[in-house]
Amino acid sequence: MPTIFVELKERTYPIYLDEGESFPDVMADRFPDRRFALVTNSRLEELYGDLIEEWCDKLHAVKHIIPDGEQYKQLDTWKGILDTLLARRLDRRAVLVAFGGGVVGDIAGFAAATFMRGIDYVQVPTTLLAMVDSSVGGKTAVNHPMGKNLIGAFHQPRLVFIRTGFLTTLPDREYFAGYAEVFKNAFIGGPEMFAFIDKRHGELMAKDPNALKEAIDRSVRIKARIVSEDERESGNRALLNFGHTFAHALENNYKYTGILHGEAVHWGMACALDLACRSKLVPPSAVGRFESIRSKILRPELPSPPQPDDLYRAMFSDKKNLHGALRLVLPTEPGISSITEGIDEEAITATLKNVFTD
Ligand SMILES: NC(=O)c1ccc[n+]([C@@H]2O[C@H](COP(=O)([O-])OP(=O)(O)OC[C@H]3O[C@@H](n4cnc5c(N)ncnc54)[C@H](O)[C@@H]3O)[C@@H](O)[C@H]2O)c1
């Protein structure tokens, strides 16, 4: 039985994390007499074709496979899903299953949000990033040539089904990128999460299954709590963007090629911590504990050395900034950060120089 819930009154939903029940049993139980469609991508079909077949057989589900890659997170692919649902005569009682990483989850979620003005859907995340971040919280979207995630909707899933075993096939690079969204919780998820990451970082780097399951459990609970408190990101949900303003500037700097989002988030966390210490937001009593965590932040290889001035300019194009003012999530105490405005240019450029040229 699940013990984690995203509390949203009548839309409250459970997160199954390595519970004993099989996926088809959970679905049949929660959605009796419904028709199902499962969306996945070509890579997952290669890796988990037998399992997908078994689930589709048991649920009599229609299967729709999209090509693998962020470049396919766009309107044509979304339309392809709707075409299949219509051709197979699914109706507004249909339930969509998104089986994959954040790309499949976002696009299938958006198809569910828009098909027949919105149908139920379920997330089965298969990457670390999707397990701890994108599958929970109801943000669905596709990209537009003008930018990422510009077309989308808030549409919460009806349940999230996490099997950590899927991570055994995930490439290292994807794993370490997803780990950024776990590590981030050390700064926003409270003192216990800070201590957990500080202590178990080595095991998480080595993909120790017990440490990993605990990290996912803790991360999902943190995200579930924040989403429950602020579903539409009008307040504290913005804390989840810790390190992300710097990260988006970095991704933008490389035109989204040669760097994964999570890799950029590792660098962004290093910047946020440097800036908070430089701006004296961290009290002297906490500096030592932040030093310990600072030494653990990954510094993934970058396509080329970035220019701090370019990054500073790019930080202003982030869509989460209000009216051109930089809003940064910066740490204050171990496990606690706050949304900060008014940090001056000098401090930010000093941080960028320090982090990227040292
Ligand atoms: N909705 C949200 O709240 C939210 C939050 C963060 C990110 N996102 C979105 O998520 C997307 C990134 O998601 P991602 O990092 O999961 O990338 P992804 O979905 O592209 O997956 C990364 C790669 O791993 C492969 N893969 C997936 N599961 C696998 C497995 N178990 N074994 C082997 N290979 C596997 C995929 O096919 C892909 O090639 C971006 O589009 C981003 O905008 C959304």
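Which of the 26 residues around the ligand come nearest? In this predicted model, they are E70, G102, T126, T127 and T169. The legends below begin with the ligand and then turn to the domains and to single residues.

**Figure 1. Residues around the ligand.** The shell around the ligand consists of 26 residues, which divide into 8 nonpolar, 8 polar and 10 charged. E70, G102, T126, T127 and T169 are the nearest of these residues. Among the elements, α2 gives the most to this shell, with 4 residues.

**Figure 2. Polar atoms facing the ligand.** A polar atom in the side chain of D68 is 2.9 Å from an oxygen atom of the ligand. At V103 the backbone takes part instead, with an N or O atom 3.1 Å from an oxygen atom of the ligand. The side chain of D106 has an N or O atom that lies 2.9 Å from a nitrogen atom of the ligand. The ligand taken alone exposes 860 Å², and the protein buries 87% of that area.

Figure 3. Domain 1 spans residues 4-169 and domain 2 spans residues 172-357. Their centres, taken over C-alpha atoms, are separated by 27 Å. Domain 1 contributes 25 residues to the contact, and domain 2 contributes 25 residues.

Figure 4. Q156 is found in the loop between β8 and β9 (159-162). Is Q156 buried or exposed? Q156 counts as buried because its relative accessibility is 10%, under the 20% limit. The side chain of Q156 forms a polar contact with the side chain of Y13 at 2.7 Å. The Q156 side chain also reaches the backbone nitrogen of G138, at 3.2 Å. When residues up to four places away in sequence are not counted, Q156 touches L8, R11, Y13, Y121, G137, G138, V227 and E231.

**Figure 5. Surroundings of Q74.** The loop between β4 (62-66) and α3 (75-87) holds Q74. With a relative accessibility of 25%, Q74 counts as partly exposed. Residues touched by Q74 are I107, V142 and N143, leaving out those up to four places away in sequence. Q74 and N149 stand 75 residues apart in sequence, while their C-alpha atoms are 9.0 Å apart in space.

**Figure 6. Surroundings of A314.** A314 belongs to helix α13, which covers residues 308-315. Its relative accessibility is 13%, so A314 counts as buried. Apart from residues up to four places away in sequence, A314 touches A249 and N252.

**Figure 7. Surroundings of T351.** T351 is placed in helix α14, formed by residues 345-357. Its relative accessible area is 0%, and T351 is therefore buried. Aside from neighbours within four places in sequence, T351 is in contact with C271, D274, L275 and R278.

Notes. Residues are numbered from 1 along each chain as its sequence is written. This is a predicted model: local features need pLDDT of at least 70, side-chain atom pairs count only at pLDDT 80 or more; totals for chains, interfaces and linings use all residues. Side-chain values use heavy atoms; hydrogens and water are left out. Helices (H or I, at least four residues) and strands (E, at least two) are DSSP runs, numbered from the N terminus. Buried means under 20% relative accessible area, exposed over 50%, partly exposed in between (1.4 Å probe, protein chains only). Contact means heavy atoms within 4.5 Å. A residue is near a molecule or strand if one of its heavy atoms lies within 4 Å of it. A polar contact is a pair of N or O atoms within 3.5 Å; within protein, one must be able to donate a hydrogen and the other to accept it, and residues adjacent in sequence count only if both atoms are side-chain atoms. Accessible areas come from the Shrake-Rupley method with a 1.4 Å probe; for residues, only the protein chains shown count as cover. Ala, Val, Leu, Ile, Met, Phe, Trp, Tyr, Cys and Pro count as nonpolar, Asp, Glu, Lys and Arg as charged, and the others, Gly among them, as polar. Domain bounds come from an automatic or database domain assignment.
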